[in-house]
Amino acid sequence: MNFGFSEEQDELRKMVRRFLEEKSPETEVRRLMATEEGYDPAVWSQMANELALQGLGIPEEFGGQGYGPVELYVVFEEMGAALLCAPYFSTVALAANALLFVGNEKDHAAYLPGIASGETIATVALTDDAGMWDLRSTSTTATREGDHFVISGVRSYVTDGSTATLLLVPAVTDKGLSLFAVAGDAEGVTREVLATMDQTRKQSRIEFANAPATLVGEEGAALAGLETTAQVAAAALAAEQVGGAQRVLDASVEYAKNRVQFGRPIGSFQAIKHKCADMLLDVESAKSAAYYAAWAAQERNEELPIAASLAKSFCSEAYFHCAAENIQIHGGIGFTWEHPAHLYFKRAKSSELFLGDPAYHRELLAQRLGI
């Protein structure tokens, strides 16, 4: 296996980084996180039409670029570094993959072109009020009424659930766990924006009261595809976490070089050196874990479930540790609202819990390894 990036992938990284430097500076992040929508429609359109980012991992026959998880890893890493406020993760890492892994050709043709063009904002409603990530505990139900289905139940902590035009909802039918497509503005759908610690990534609680739904894929056969979706999304989230961890490490090192106390830069003090060295070890180890998960997702081999949980558990803790140390190294200013350190700290904590915390993924690892 080769963990090096190709010249084309490096150019993709440079392009995305330049775009985010212009469109997602700290001032814009703060502006968008204070809005109810949480994203800029004009930037979202640019991402789709000028950079083709929404369709990067979608097959060409459905309007996409036909690339894989490794290219998407590059994009997610840069977005994590910039704290991009946009429904990209929910649409691309969750919804597009759910359609690819659960849906059939008809579903792909119906929904993927809209995602690739940026016209569709989509998400997957994975959990209920209990916040359990185990799909086998899904409490939402769907019943057939004539030639269509209706869904009832509650899904909570739904990423970008209030702005999504397409909701993909796991629900239990007489035949087992199935996946359904529900229009965001459908009758019987009530959406409520939740107050969250990390305001850069919006979450919602959604109630379904006999809402009309369209079956995606085969009835009762969604579990395996949704589990694969969760694994690929966990690998993508690990990439985001690596990007954020690298950014706070860079900020800490830069501050340690320039902040002078007692007539010398604080980076010359042993305590600060040790903190930066520990952060560097965390970041480099996290990169290795995340690259491994991206490779496994690209190959879609039997190592993916193990690699995804390994990356998600390790990168979660590495990012949170680096974000916390970044505040410590910056001292008093690092605790203030005016400094960006708290934005990364909050994103690190929310990402640690999103798609399952480290303890959950270590338990999955133990089960998968037969320990």
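A cavity is a set of grid points where a 1.4 Å probe fits but cannot get out, and its volume is the space filled by probe spheres set on the points. The model described here is predicted. By this definition, the structure holds 5 cavities of 30 Å³ or more.

**Cavities**

- The largest cavity contains about 130 Å³ of space. It is lined by 17 residues, and those closest to its centre are Leu84, Ala86, Tyr88, Thr200 and Arg201.
- Sorted by class, the lining of the largest cavity comprises 8 nonpolar, 3 polar and 6 charged residues.
- The second largest cavity has a volume of about 60 Å³. Among the residues that line this second cavity are Lys23, Glu28, Asp40, Trp44, Leu84 and Ala86.
- Two elements, α2 (26–33) and α3 (41–49), each give two or more residues to the lining of the second largest cavity. Helix α2 gives the most, with 3 residues.
- The lining of the second largest cavity divides into 7 nonpolar, 1 polar and 3 charged residues.

- In soluble globular proteins, nonpolar side chains tend to be buried together.
- The largest nonpolar core in this model has 95 residues, of which Tyr88, Phe89, Leu168 and Val182 touch the most other members. Helix α5 (residues 88–102) gives the most to this core, with 11 residues.
- Beyond its neighbours within four places in sequence, leucine 168 is in contact with several residues, including Ala95, Leu99, Val124, Phe180 and Val216.
- A second, separate core of 21 residues includes Ile266, Ile272, Cys276 and Met279.

**Two residues and their surroundings**

- Histidine 330 belongs to helix α9 (residues 304–330). Its relative accessible area is 6%, so histidine 330 counts as buried, the limit being under 20%.
- When residues up to four places away in sequence are not counted, histidine 330 touches Ala251, Ser252, Tyr255 and His339.
- Glycine 153 is found in strand β3 (residues 148–159). With a relative accessible area of 24%, glycine 153 is partly exposed.
- Setting aside neighbours within four places in sequence, glycine 153 makes contact with Thr140, Ile206, Glu207 and Phe208. Alanine 142 is 11 residues from glycine 153 in sequence, and their C-alpha atoms are 8.8 Å apart in space.

**Salt bridges**

- The count of salt bridges comes to 20.
- One of them joins the side chains of glutamate 22 and lysine 23, at 3.6 Å from N to O. Glutamate 22 is exposed, with a relative accessible area of 56%, whereas lysine 23 is partly exposed at 21%.
- Arginine 136 forms a salt bridge with aspartate 134 (3.8 Å, N to O). Arginine 136 also forms one with glutamate 227, where the closest N and O atoms are 3.1 Å apart.
- The pair of arginine 136 and glutamate 227 links distant parts of the chain, 91 residues apart. Arginine 136 lies in the loop between β1 (122–124) and β2 (141–145), and glutamate 227 lies in helix α7 (residues 223–258).
- Arginine 136 counts as exposed at 60% relative accessibility, while aspartate 134 is partly exposed at 33% and glutamate 227 is partly exposed at 26%.
- A network of salt bridges links Arg13, Arg17, Glu77 and Glu78.

Terms used:
Residues are numbered from 1 along each chain as its sequence is written. This is a predicted model: local features need pLDDT of at least 70, side-chain atom pairs count only at pLDDT 80 or more; totals for chains, interfaces and linings use all residues. Side-chain values use heavy atoms; hydrogens and water are left out. On a 1 Å grid over the protein atoms alone, a cavity is a set of points where a 1.4 Å probe fits but cannot get out, and a pocket is an open set with protein on both sides within 12 Å along at least five of seven lines; lining residues have an atom within 4 Å of a point. Ala, Val, Leu, Ile, Met, Phe, Trp, Tyr, Cys and Pro count as nonpolar, Asp, Glu, Lys and Arg as charged, and the others, Gly among them, as polar. Helices (H or I, at least four residues) and strands (E, at least two) are DSSP runs, numbered from the N terminus. Buried means under 20% relative accessible area, exposed over 50%, partly exposed in between (1.4 Å probe, protein chains only). Contact means heavy atoms within 4.5 Å. A nonpolar core is a set of buried Ala, Val, Leu, Ile, Met, Phe, Trp, Tyr and Cys residues joined through side-chain atoms within 4.5 Å. A salt bridge is a side-chain nitrogen of Lys or Arg within 4 Å of a carboxyl oxygen of Asp or Glu.
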